[in-house]
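Student: Please take a close look at the charged side chains in this model. Which of them pair up, and how well are they covered?

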Amino acid sequence: MRKVLIVDDEKNIRLGLRAMIDRLFPDAYTFDFAEEGTEALELLNRVPMDVVITDIRMPVMDGIALIQRIQELEPRPAVVILSGHDDFQYAKEAIRCDVSEYLLKPIVRDELARTMLKLEKELKQRERIDEQLTSSMRQQEAYRESQLSYLLRHPHPEEPGLPERLKGCGLEWLEEGFQLGVLQYRGSVQGMGPSEFLGRIQAELENAPEPAGQQRAHVWDKENQLVLIARGRELFQFLAGRIAETGYFAFSMGVSGYTQGVTRLRAAHQEAEQALKYTFLQSAPGVVSYERIAGKSKDFTIPADKIRKLANMLGAGREKEMTSLLMEILDIRTVARYDIAYLEGVSRAFNELVFDRVFHLYGGESVEILRLFKKVGDLWNFYYFHDYYHSVEGLLHRLDDYVRSMKTFHIDHKEMKQAVQYIRDNFHKDLNMAVVSNHVSLNYSYFSQAFKEYTGESFVSYLKKLRIDKAKELLVTTGLKVYEISGMTGFENTKHFSRVFKEMEGISPQEYRELHEVLKR
(Lines give C-alpha, C1' and ligand atoms only; values in the text may rest on other atoms or scores of the structure.)
Protein backbone atom coordinates (compact mmCIF):
# COMPACT_ATOMS: atom_id res chain seq x y z
CA MET A 1 0.00 0.00 0.00
CA ARG A 2 1.14 3.53 -0.81
CA LYS A 3 1.76 5.99 2.02
CA VAL A 4 0.15 9.43 1.77
CA LEU A 5 0.89 12.41 4.01
CA ILE A 6 -1.84 15.11 4.06
CA VAL A 7 -0.64 18.50 5.36
CA ASP A 8 -3.25 21.14 6.08
CA ASP A 9 -4.03 23.32 9.08
CA GLU A 10 -7.78 22.59 8.71
CA LYS A 11 -8.83 19.26 10.19
CA ASN A 12 -11.97 18.98 8.03
CA ILE A 13 -9.88 19.21 4.86
CA ARG A 14 -7.44 16.56 6.09
CA LEU A 15 -10.19 14.12 6.98
CA GLY A 16 -12.24 14.96 3.90
CA LEU A 17 -9.33 14.25 1.56
CA ARG A 18 -8.71 10.90 3.22
CA ALA A 19 -12.41 9.96 2.90
CA MET A 20 -12.48 10.92 -0.80
CA ILE A 21 -9.31 8.94 -1.63
CA ASP A 22 -10.53 5.93 0.34
CA ARG A 23 -13.80 5.91 -1.60
CA LEU A 24 -12.04 6.28 -4.94
CA PHE A 25 -9.29 3.72 -4.23
CA PRO A 26 -10.35 1.35 -1.42
CA ASP A 27 -7.45 -0.27 0.52
CA ALA A 28 -4.84 1.33 -1.76
CA TYR A 29 -3.38 3.91 0.64
CA THR A 30 -2.42 4.44 4.28
CA PHE A 31 -2.49 7.97 5.69
CA ASP A 32 -0.55 10.26 8.02
CA PHE A 33 -1.42 13.85 8.86
CA ALA A 34 0.31 17.11 9.82
CA GLU A 35 -1.05 20.57 10.56
CA GLU A 36 1.90 22.55 9.16
CA GLY A 37 5.27 22.18 7.44
CA THR A 38 7.55 21.69 10.46
CA GLU A 39 5.45 18.82 11.78
CA ALA A 40 5.29 17.30 8.29
CA LEU A 41 9.06 17.52 7.83
CA GLU A 42 9.73 15.80 11.16
CA LEU A 43 7.43 12.98 10.11
CA LEU A 44 9.05 12.68 6.67
CA ASN A 45 12.49 12.37 8.26
CA ARG A 46 11.21 9.41 10.29
CA VAL A 47 8.94 7.69 7.78
CA PRO A 48 9.40 7.73 3.96
CA MET A 49 6.21 8.68 2.09
CA ASP A 50 5.12 8.02 -1.48
CA VAL A 51 2.87 11.09 -1.82
CA VAL A 52 2.63 14.41 0.05
CA ILE A 53 -0.53 16.49 -0.43
CA THR A 54 0.04 19.92 1.12
CA ASP A 55 -1.76 23.22 1.44
CA ILE A 56 0.24 26.35 0.56
CA ARG A 57 -0.94 28.75 3.25
CA MET A 58 -0.17 27.34 6.74
CA PRO A 59 1.26 28.78 9.99
CA VAL A 60 4.86 28.21 11.23
CA MET A 61 6.17 26.64 7.97
CA ASP A 62 4.06 27.16 4.86
CA GLY A 63 3.72 24.80 1.90
CA ILE A 64 6.39 26.49 -0.25
CA ALA A 65 9.06 26.15 2.47
CA LEU A 66 8.03 22.54 3.02
CA ILE A 67 8.28 21.73 -0.70
CA GLN A 68 11.76 23.28 -0.86
CA ARG A 69 12.89 21.13 2.06
CA ILE A 70 11.32 18.04 0.50
CA GLN A 71 13.70 18.44 -2.46
CA GLU A 72 16.54 17.47 -0.08
CA LEU A 73 14.95 14.14 0.89
CA GLU A 74 16.01 10.78 -0.49
CA PRO A 75 13.87 9.06 -1.56
CA ARG A 76 11.78 12.07 -2.51
CA PRO A 77 7.97 11.73 -2.47
CA ALA A 78 5.63 13.01 -5.17
CA VAL A 79 4.10 16.34 -4.12
CA VAL A 80 0.58 17.66 -4.77
CA ILE A 81 -0.24 21.31 -3.97
CA LEU A 82 -3.59 22.46 -2.63
CA SER A 83 -4.40 26.15 -3.03
CA GLY A 84 -7.20 28.68 -3.34
CA HIS A 85 -7.71 30.98 -6.35
CA ASP A 86 -5.75 33.76 -4.65
CA ASP A 87 -2.58 31.62 -4.32
CA PHE A 88 -1.55 31.59 -7.99
CA GLN A 89 1.83 33.31 -7.40
CA TYR A 90 2.59 30.75 -4.70
CA ALA A 91 1.55 27.98 -7.06
CA LYS A 92 4.02 29.17 -9.73
CA GLU A 93 6.83 28.98 -7.17
CA ALA A 94 5.68 25.48 -6.20
CA ILE A 95 5.72 24.34 -9.81
CA ARG A 96 9.36 25.53 -10.07
CA CYS A 97 10.07 23.19 -7.13
CA ASP A 98 9.14 20.13 -9.21
CA VAL A 99 5.65 19.66 -7.80
CA SER A 100 3.79 16.81 -9.46
CA GLU A 101 0.24 18.25 -9.45
CA TYR A 102 -1.70 21.36 -8.51
CA LEU A 103 -5.27 21.16 -7.16
CA LEU A 104 -7.62 24.05 -6.49
CA LYS A 105 -9.88 24.21 -3.48
CA PRO A 106 -12.57 23.09 -3.13
CA ILE A 107 -11.38 19.71 -4.30
CA VAL A 108 -13.32 18.18 -7.18
CA ARG A 109 -13.65 14.42 -6.93
CA ASP A 110 -12.87 13.70 -10.60
CA GLU A 111 -9.79 15.93 -10.56
CA LEU A 112 -8.54 14.20 -7.44
CA ALA A 113 -9.09 10.79 -9.05
CA ARG A 114 -7.17 11.86 -12.21
CA THR A 115 -4.38 13.23 -10.04
CA MET A 116 -4.02 10.06 -7.97
CA LEU A 117 -4.06 7.86 -11.09
CA LYS A 118 -1.42 10.05 -12.74
CA LEU A 119 0.74 9.91 -9.59
CA GLU A 120 0.44 6.13 -9.45
CA LYS A 121 1.58 5.89 -13.06
CA GLU A 122 4.55 8.17 -12.38
CA LEU A 123 5.48 6.27 -9.21
CA LYS A 124 5.45 2.94 -11.03
CA GLN A 125 7.55 4.38 -13.86
CA ARG A 126 10.01 5.77 -11.31
CA GLU A 127 10.20 2.37 -9.61
CA ARG A 128 10.92 0.65 -12.94
CA ILE A 129 13.68 3.15 -13.69
CA ASP A 130 15.12 2.75 -10.18
CA GLU A 131 15.01 -1.02 -10.57
CA GLN A 132 16.79 -0.83 -13.92
CA LEU A 133 19.40 1.54 -12.51
CA THR A 134 19.86 -0.69 -9.45
CA SER A 135 20.23 -3.75 -11.67
CA SER A 136 22.72 -1.93 -13.89
CA MET A 137 24.67 -0.71 -10.86
CA ARG A 138 24.69 -4.22 -9.41
CA GLN A 139 26.01 -5.63 -12.66
CA GLN A 140 28.70 -2.96 -12.78
CA GLU A 141 29.56 -3.60 -9.12
CA ALA A 142 29.71 -7.37 -9.73
CA TYR A 143 31.99 -6.84 -12.74
CA ARG A 144 34.24 -4.53 -10.73
CA GLU A 145 34.39 -7.04 -7.86
CA SER A 146 35.25 -9.86 -10.28
CA GLN A 147 38.10 -7.80 -11.72
CA LEU A 148 39.41 -6.92 -8.26
CA SER A 149 39.12 -10.54 -7.15
CA TYR A 150 41.13 -11.65 -10.17
CA LEU A 151 43.82 -9.03 -9.58
CA LEU A 152 44.14 -10.00 -5.88
CA ARG A 153 44.51 -13.71 -6.62
CA HIS A 154 46.84 -13.74 -9.62
CA PRO A 155 50.25 -12.32 -10.45
CA HIS A 156 49.54 -9.59 -12.96
CA PRO A 157 52.26 -8.45 -15.30
CA GLU A 158 51.28 -5.92 -17.94
CA GLU A 159 48.33 -7.66 -19.59
CA PRO A 160 46.98 -6.60 -22.99
CA GLY A 161 43.82 -4.56 -22.56
CA LEU A 162 44.19 -4.19 -18.77
CA PRO A 163 43.92 -0.37 -18.74
CA GLU A 164 40.71 -0.59 -20.77
CA ARG A 165 39.30 -3.21 -18.38
CA LEU A 166 40.11 -1.01 -15.39
CA LYS A 167 38.50 1.99 -17.02
CA GLY A 168 35.47 -0.09 -17.95
CA CYS A 169 34.78 -0.91 -14.30
CA GLY A 170 35.77 2.47 -12.88
CA LEU A 171 39.15 1.42 -11.43
CA GLU A 172 41.50 3.48 -13.58
CA TRP A 173 42.39 5.57 -10.50
CA LEU A 174 44.45 2.63 -9.17
CA GLU A 175 47.21 3.77 -11.51
CA GLU A 176 47.36 7.15 -9.77
CA GLY A 177 47.77 5.78 -6.25
CA PHE A 178 45.80 3.91 -3.59
CA GLN A 179 45.84 2.35 -0.15
CA LEU A 180 44.28 -1.00 0.76
CA GLY A 181 42.72 -2.19 4.03
CA VAL A 182 41.53 -5.63 5.14
CA LEU A 183 38.71 -5.51 7.71
CA GLN A 184 37.59 -8.31 9.99
CA TYR A 185 34.48 -8.17 12.19
CA ARG A 186 35.33 -8.76 15.86
CA GLY A 187 32.10 -7.95 17.61
CA SER A 188 29.91 -10.12 19.77
CA VAL A 189 27.53 -11.15 16.96
CA GLN A 190 28.60 -14.54 15.69
CA GLY A 191 27.99 -15.71 12.15
CA MET A 192 27.58 -12.23 10.66
CA GLY A 193 27.06 -12.57 6.93
CA PRO A 194 28.88 -10.54 4.24
CA SER A 195 25.84 -8.36 3.48
CA GLU A 196 25.37 -7.32 7.14
CA PHE A 197 29.12 -6.80 7.54
CA LEU A 198 29.26 -4.59 4.43
CA GLY A 199 26.11 -2.80 5.51
CA ARG A 200 27.74 -1.73 8.76
CA ILE A 201 30.84 -0.54 6.92
CA GLN A 202 28.82 1.36 4.33
CA ALA A 203 26.80 3.03 7.07
CA GLU A 204 30.11 4.38 8.42
CA LEU A 205 31.37 5.40 4.97
CA GLU A 206 28.23 7.43 4.31
CA ASN A 207 29.33 9.64 7.21
CA ALA A 208 32.90 9.90 5.94
CA PRO A 209 34.02 13.47 5.15
CA GLU A 210 35.10 14.36 1.66
CA PRO A 211 37.30 13.28 0.01
CA ALA A 212 37.42 10.16 2.22
CA GLY A 213 34.26 8.79 0.64
CA GLN A 214 35.40 9.28 -2.97
CA GLN A 215 36.83 6.72 -5.38
CA ARG A 216 36.74 3.51 -3.43
CA ALA A 217 36.02 -0.13 -4.19
CA HIS A 218 35.58 -3.31 -2.19
CA VAL A 219 35.74 -7.08 -2.66
CA TRP A 220 35.69 -10.16 -0.40
CA ASP A 221 38.95 -12.09 -0.25
CA LYS A 222 39.33 -15.88 0.03
CA GLU A 223 39.22 -15.62 3.84
CA ASN A 224 35.83 -13.88 3.54
CA GLN A 225 37.33 -10.66 4.86
CA LEU A 226 36.40 -7.29 3.42
CA VAL A 227 39.09 -5.73 1.24
CA LEU A 228 38.59 -1.97 0.93
CA ILE A 229 40.59 0.08 -1.58
CA ALA A 230 40.63 3.88 -1.69
CA ARG A 231 42.46 6.46 -3.74
CA GLY A 232 43.66 8.53 -0.80
CA ARG A 233 44.63 7.97 2.82
CA GLU A 234 41.68 9.93 4.26
CA LEU A 235 39.22 6.99 4.23
CA PHE A 236 41.44 4.78 6.37
CA GLN A 237 42.23 7.65 8.72
CA PHE A 238 38.48 8.13 9.18
CA LEU A 239 37.87 4.40 9.79
CA ALA A 240 40.79 4.24 12.22
CA GLY A 241 39.17 7.03 14.21
CA ARG A 242 35.85 5.19 14.31
CA ILE A 243 37.52 1.94 15.37
CA ALA A 244 39.33 3.80 18.16
CA GLU A 245 35.95 4.60 19.70
CA THR A 246 35.97 1.38 21.77
CA GLY A 247 32.76 -0.58 21.82
CA TYR A 248 31.15 1.27 18.93
CA PHE A 249 32.75 0.04 15.73
CA ALA A 250 33.76 -3.59 16.31
CA PHE A 251 36.17 -4.20 13.43
CA SER A 252 39.92 -4.70 13.26
CA MET A 253 41.82 -3.51 10.23
CA GLY A 254 45.20 -4.01 8.64
CA VAL A 255 46.30 -1.27 6.23
CA SER A 256 48.90 -1.46 3.46
CA GLY A 257 51.41 1.20 2.59
CA TYR A 258 50.39 3.85 0.06
CA THR A 259 51.30 2.70 -3.42
CA GLN A 260 50.29 3.06 -7.06
CA GLY A 261 49.73 0.92 -10.12
CA VAL A 262 47.49 -2.10 -10.55
CA THR A 263 50.52 -4.40 -10.50
CA ARG A 264 50.96 -3.43 -6.83
CA LEU A 265 47.43 -4.46 -5.84
CA ARG A 266 48.29 -8.02 -4.84
CA ALA A 267 51.35 -6.91 -2.87
CA ALA A 268 49.26 -4.27 -1.07
CA HIS A 269 46.73 -6.95 -0.14
CA GLN A 270 49.48 -9.14 1.31
CA GLU A 271 50.81 -6.16 3.32
CA ALA A 272 47.35 -5.43 4.74
CA GLU A 273 46.78 -9.11 5.61
CA GLN A 274 50.13 -9.21 7.41
CA ALA A 275 49.29 -6.02 9.29
CA LEU A 276 45.87 -7.43 10.26
CA LYS A 277 47.60 -10.36 11.99
CA TYR A 278 49.24 -7.94 14.42
CA THR A 279 45.85 -6.73 15.68
CA PHE A 280 45.92 -10.14 17.43
CA LEU A 281 48.34 -8.61 19.94
CA GLN A 282 45.85 -5.89 20.89
CA SER A 283 43.15 -6.28 23.53
CA ALA A 284 40.26 -4.82 21.51
CA PRO A 285 39.35 -3.97 17.90
CA GLY A 286 42.05 -1.77 16.39
CA VAL A 287 44.14 -0.81 13.38
CA VAL A 288 47.69 -1.74 12.42
CA SER A 289 49.48 -0.26 9.41
CA TYR A 290 52.10 -2.17 7.47
CA GLU A 291 54.65 0.59 8.10
CA ARG A 292 54.47 -0.16 11.84
CA ILE A 293 55.34 -3.85 11.52
CA ALA A 294 57.49 -4.05 8.40
CA GLY A 295 60.70 -3.85 10.43
CA LYS A 296 59.86 -6.55 13.00
CA SER A 297 62.83 -8.84 13.70
CA LYS A 298 62.84 -12.26 12.06
CA ASP A 299 66.01 -13.26 13.88
CA PHE A 300 64.49 -15.51 16.54
CA THR A 301 64.66 -19.06 17.88
CA ILE A 302 61.57 -20.98 18.97
CA PRO A 303 62.01 -21.95 22.69
CA ALA A 304 61.48 -25.66 22.00
CA ASP A 305 63.49 -26.78 25.07
CA LYS A 306 61.27 -24.78 27.41
CA ILE A 307 58.16 -26.17 25.75
CA ARG A 308 59.47 -29.74 26.13
CA LYS A 309 60.21 -29.00 29.78
CA LEU A 310 56.62 -27.83 30.20
CA ALA A 311 55.38 -31.07 28.63
CA ASN A 312 57.52 -33.11 31.04
CA MET A 313 55.93 -31.34 34.03
CA LEU A 314 52.43 -32.53 33.15
CA GLY A 315 51.01 -34.79 35.84
CA ALA A 316 53.90 -34.13 38.22
CA GLY A 317 52.08 -31.81 40.62
CA ARG A 318 54.09 -28.74 39.59
CA GLU A 319 51.27 -26.37 38.63
CA LYS A 320 53.01 -23.18 39.84
CA GLU A 321 56.17 -23.98 37.91
CA MET A 322 54.11 -24.73 34.81
CA THR A 323 52.29 -21.40 35.07
CA SER A 324 55.55 -19.52 35.54
CA LEU A 325 57.17 -21.26 32.57
CA LEU A 326 54.15 -20.62 30.35
CA MET A 327 54.32 -16.90 31.22
CA GLU A 328 57.97 -16.93 30.20
CA ILE A 329 57.33 -18.73 26.89
CA LEU A 330 54.36 -16.51 25.94
CA ASP A 331 55.67 -13.24 27.35
CA ILE A 332 53.85 -10.56 25.33
CA ARG A 333 56.95 -8.35 25.36
CA THR A 334 58.96 -11.06 23.62
CA VAL A 335 56.12 -11.92 21.25
CA ALA A 336 55.63 -8.26 20.25
CA ARG A 337 59.35 -7.79 19.57
CA TYR A 338 59.45 -10.33 16.75
CA ASP A 339 57.73 -10.96 13.47
CA ILE A 340 54.36 -12.71 13.92
CA ALA A 341 56.01 -15.86 12.53
CA TYR A 342 57.58 -16.27 15.98
CA LEU A 343 54.21 -16.66 17.67
CA GLU A 344 53.00 -18.96 14.89
CA GLY A 345 56.09 -21.12 15.45
CA VAL A 346 55.51 -21.24 19.23
CA SER A 347 51.91 -22.30 18.61
CA ARG A 348 53.07 -25.14 16.32
CA ALA A 349 55.64 -26.22 18.91
CA PHE A 350 52.95 -26.42 21.61
CA ASN A 351 50.90 -28.63 19.30
CA GLU A 352 53.75 -30.97 18.40
CA LEU A 353 55.69 -31.14 21.69
CA VAL A 354 52.87 -30.92 24.24
CA PHE A 355 49.34 -31.53 23.03
CA ASP A 356 49.98 -34.16 20.34
CA ARG A 357 52.46 -35.93 22.63
CA VAL A 358 49.90 -36.22 25.45
CA PHE A 359 47.26 -37.73 23.19
CA HIS A 360 49.81 -40.07 21.62
CA LEU A 361 50.92 -41.37 25.03
CA TYR A 362 47.62 -41.40 26.90
CA GLY A 363 44.88 -41.28 24.29
CA GLY A 364 41.86 -38.97 24.28
CA GLU A 365 39.81 -37.96 27.28
CA SER A 366 36.44 -36.20 27.31
CA VAL A 367 34.69 -34.48 24.41
CA GLU A 368 35.24 -31.12 26.15
CA ILE A 369 39.02 -31.47 26.32
CA LEU A 370 39.17 -32.65 22.70
CA ARG A 371 37.11 -29.64 21.60
CA LEU A 372 39.42 -27.30 23.51
CA PHE A 373 42.46 -29.02 21.99
CA LYS A 374 41.04 -28.54 18.49
CA LYS A 375 40.51 -24.81 19.10
CA VAL A 376 43.85 -24.15 20.78
CA GLY A 377 45.60 -26.06 18.01
CA ASP A 378 45.08 -23.16 15.60
CA LEU A 379 46.32 -19.77 16.74
CA TRP A 380 43.96 -17.99 14.35
CA ASN A 381 40.85 -19.47 15.95
CA PHE A 382 41.26 -16.52 18.34
CA TYR A 383 40.90 -12.80 17.72
CA TYR A 384 43.25 -11.71 20.52
CA PHE A 385 46.44 -12.94 22.13
CA HIS A 386 45.05 -12.88 25.69
CA ASP A 387 42.23 -15.23 24.64
CA TYR A 388 44.75 -17.63 23.12
CA TYR A 389 47.00 -17.42 26.19
CA HIS A 390 44.20 -18.22 28.64
CA SER A 391 42.96 -21.08 26.48
CA VAL A 392 46.47 -22.60 26.33
CA GLU A 393 46.74 -22.19 30.10
CA GLY A 394 43.33 -23.79 30.63
CA LEU A 395 44.15 -26.73 28.37
CA LEU A 396 47.49 -27.30 30.11
CA HIS A 397 45.76 -27.49 33.51
CA ARG A 398 43.18 -29.89 32.12
CA LEU A 399 45.93 -32.04 30.65
CA ASP A 400 47.91 -31.85 33.89
CA ASP A 401 44.96 -33.34 35.78
CA TYR A 402 44.39 -35.89 33.03
CA VAL A 403 48.02 -37.05 32.88
CA ARG A 404 48.13 -37.25 36.69
CA SER A 405 45.04 -39.46 36.72
CA MET A 406 46.43 -41.65 33.94
CA LYS A 407 49.75 -42.04 35.73
CA THR A 408 47.93 -42.91 38.95
CA PHE A 409 45.85 -45.45 37.08
CA HIS A 410 48.93 -47.14 35.60
CA ILE A 411 50.72 -47.13 38.96
CA ASP A 412 47.66 -48.50 40.76
CA HIS A 413 47.21 -51.14 38.07
CA LYS A 414 50.73 -52.39 38.61
CA GLU A 415 50.37 -52.39 42.40
CA MET A 416 47.03 -54.20 42.29
CA LYS A 417 48.58 -56.94 40.16
CA GLN A 418 51.27 -57.32 42.80
CA ALA A 419 48.65 -57.41 45.56
CA VAL A 420 46.58 -60.14 43.84
CA GLN A 421 49.67 -62.24 43.22
CA TYR A 422 50.71 -61.88 46.86
CA ILE A 423 47.24 -63.03 47.98
CA ARG A 424 47.40 -66.08 45.68
CA ASP A 425 50.82 -66.99 47.01
CA ASN A 426 49.88 -66.52 50.68
CA PHE A 427 46.15 -67.24 50.97
CA HIS A 428 46.86 -70.18 53.32
CA LYS A 429 48.50 -67.86 55.87
CA ASP A 430 46.94 -65.54 58.43
CA LEU A 431 46.22 -62.88 55.83
CA ASN A 432 44.27 -59.61 56.03
CA MET A 433 44.00 -56.36 54.11
CA ALA A 434 46.43 -54.49 56.35
CA VAL A 435 49.15 -57.04 55.59
CA VAL A 436 48.57 -56.85 51.82
CA SER A 437 48.29 -53.01 51.65
CA ASN A 438 51.56 -52.73 53.60
CA HIS A 439 53.18 -55.17 51.20
CA VAL A 440 52.43 -52.91 48.21
CA SER A 441 53.00 -49.69 50.23
CA LEU A 442 49.53 -48.20 49.81
CA ASN A 443 47.27 -46.45 52.29
CA TYR A 444 44.79 -48.91 53.88
CA SER A 445 41.65 -46.97 52.87
CA TYR A 446 42.94 -46.15 49.40
CA PHE A 447 43.96 -49.79 48.90
CA SER A 448 40.47 -50.98 49.84
CA GLN A 449 38.85 -48.76 47.18
CA ALA A 450 41.48 -49.45 44.52
CA PHE A 451 41.33 -53.21 45.09
CA LYS A 452 37.57 -53.27 44.65
CA GLU A 453 37.80 -51.21 41.44
CA TYR A 454 40.49 -53.54 40.09
CA THR A 455 38.92 -56.93 41.00
CA GLY A 456 35.25 -56.02 41.10
CA GLU A 457 34.79 -57.24 44.70
CA SER A 458 35.93 -56.50 48.24
CA PHE A 459 39.15 -57.85 49.71
CA VAL A 460 37.29 -60.15 52.18
CA SER A 461 35.04 -61.58 49.46
CA TYR A 462 37.95 -62.13 47.07
CA LEU A 463 40.07 -63.95 49.71
CA LYS A 464 37.13 -66.07 50.89
CA LYS A 465 36.34 -67.24 47.33
CA LEU A 466 40.00 -67.98 46.64
CA ARG A 467 40.28 -70.14 49.77
CA ILE A 468 37.05 -72.04 49.11
CA ASP A 469 38.07 -72.69 45.48
CA LYS A 470 41.38 -74.16 46.69
CA ALA A 471 39.52 -76.23 49.34
CA LYS A 472 37.14 -77.65 46.69
CA GLU A 473 40.15 -78.68 44.61
CA LEU A 474 41.75 -80.49 47.59
CA LEU A 475 38.46 -82.21 48.57
CA VAL A 476 38.13 -83.71 45.11
CA THR A 477 41.77 -84.56 44.32
CA THR A 478 43.17 -85.67 47.69
CA GLY A 479 42.24 -87.86 50.64
CA LEU A 480 43.16 -85.24 53.19
CA LYS A 481 40.92 -84.85 56.22
CA VAL A 482 38.53 -81.91 56.29
CA TYR A 483 40.35 -80.38 59.26
CA GLU A 484 43.65 -80.71 57.37
CA ILE A 485 42.21 -78.93 54.34
CA SER A 486 40.79 -76.25 56.62
CA GLY A 487 44.28 -75.47 57.96
CA MET A 488 45.91 -75.63 54.51
CA THR A 489 43.50 -73.02 53.04
CA GLY A 490 43.92 -70.45 55.79
CA PHE A 491 40.82 -70.97 57.94
CA GLU A 492 41.34 -70.54 61.67
CA ASN A 493 39.42 -73.73 62.55
CA THR A 494 37.28 -76.49 61.02
CA LYS A 495 34.02 -75.05 62.33
CA HIS A 496 34.66 -71.71 60.62
CA PHE A 497 35.71 -73.48 57.43
CA SER A 498 32.55 -75.65 57.34
CA ARG A 499 30.28 -72.66 57.97
CA VAL A 500 31.83 -70.56 55.18
CA PHE A 501 31.90 -73.52 52.78
CA LYS A 502 28.19 -74.30 53.30
CA GLU A 503 27.36 -70.62 53.01
CA MET A 504 28.99 -70.43 49.59
CA GLU A 505 28.29 -73.90 48.14
CA GLY A 506 25.05 -74.85 49.89
CA ILE A 507 26.46 -78.13 51.26
CA SER A 508 29.14 -79.16 53.79
CA PRO A 509 32.72 -79.99 52.75
CA GLN A 510 32.12 -83.71 53.40
CA GLU A 511 28.90 -83.69 51.36
CA TYR A 512 30.76 -81.94 48.50
CA ARG A 513 33.44 -84.72 48.54
CA GLU A 514 30.85 -87.51 48.59
CA LEU A 515 28.90 -85.94 45.74
CA HIS A 516 31.95 -85.86 43.50
CA GLU A 517 32.89 -89.45 44.42
CA VAL A 518 29.43 -90.55 43.22
CA LEU A 519 29.86 -88.56 40.00
CA LYS A 520 33.20 -90.30 39.31
CA ARG A 521 31.57 -93.79 39.30
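**Charged pairs and their surroundings**

Tutor: Asp 305 is exposed, at 60% relative accessibility; buried means under 20% relative accessible area, exposed over 50%, and partly exposed in between (1.4 Å probe, protein chains only). This is a predicted model, in which local features need pLDDT of at least 70 and side-chain atom pairs count only at pLDDT 80 or more, while totals for chains, interfaces and linings use all residues. Residues are numbered from 1 along each chain as its sequence is written, and side-chain values use heavy atoms, with hydrogens and water left out.

The partner of Asp 305 in a salt bridge is Arg 308, with 3.1 Å between the closest N and O atoms. A salt bridge here is a side-chain nitrogen of Lys or Arg within 4 Å of a carboxyl oxygen of Asp or Glu. Arg 308 counts as partly exposed, at 41%. Both residues sit in helix α11 (residues 304–313), three residues apart, about one turn of the helix. Helices (H or I, at least four residues) and strands (E, at least two) are DSSP runs, numbered from the N terminus.

By this rule there are 19 salt bridges. One of them joins Asp 50 and Arg 2 at 3.9 Å, N to O. That pair connects distant parts of the chain, 48 residues apart: Asp 50 is in the loop between α2 and β3 (51–55), and Arg 2 is in strand β1 (residues 2–7). Arg 2 is buried at 12% relative accessible area, whereas Asp 50 is partly exposed at 21%. Through shared partners, salt bridges join Arg 2, Asp 50, Glu 120, Lys 124 and Glu 127 into one network.

Arg 69 and Glu 72 also form a salt bridge, at 3.7 Å, N to O. Glu 72 is exposed, with 60% relative accessible area, and Arg 69 is partly exposed at 37%.

Some acidic side chains instead belong to a negative surface patch: Asp 9, Glu 10, Glu 35, Glu 39 and Glu 42. Patch residues have over 30% relative accessible area and no salt bridge; like charges are joined within 9 Å, and nonpolar side chains (Val, Leu, Ile, Met, Phe, Trp, Tyr) within 5 Å. Lys and Arg count as positive and Asp and Glu as negative, with His and the chain ends not counted.

Definitions and conventions:
Accessible areas come from the Shrake-Rupley method with a 1.4 Å probe; for residues, only the protein chains shown count as cover. The place of a charge is taken as NZ of Lys, CZ of Arg, CG of Asp or CD of Glu.
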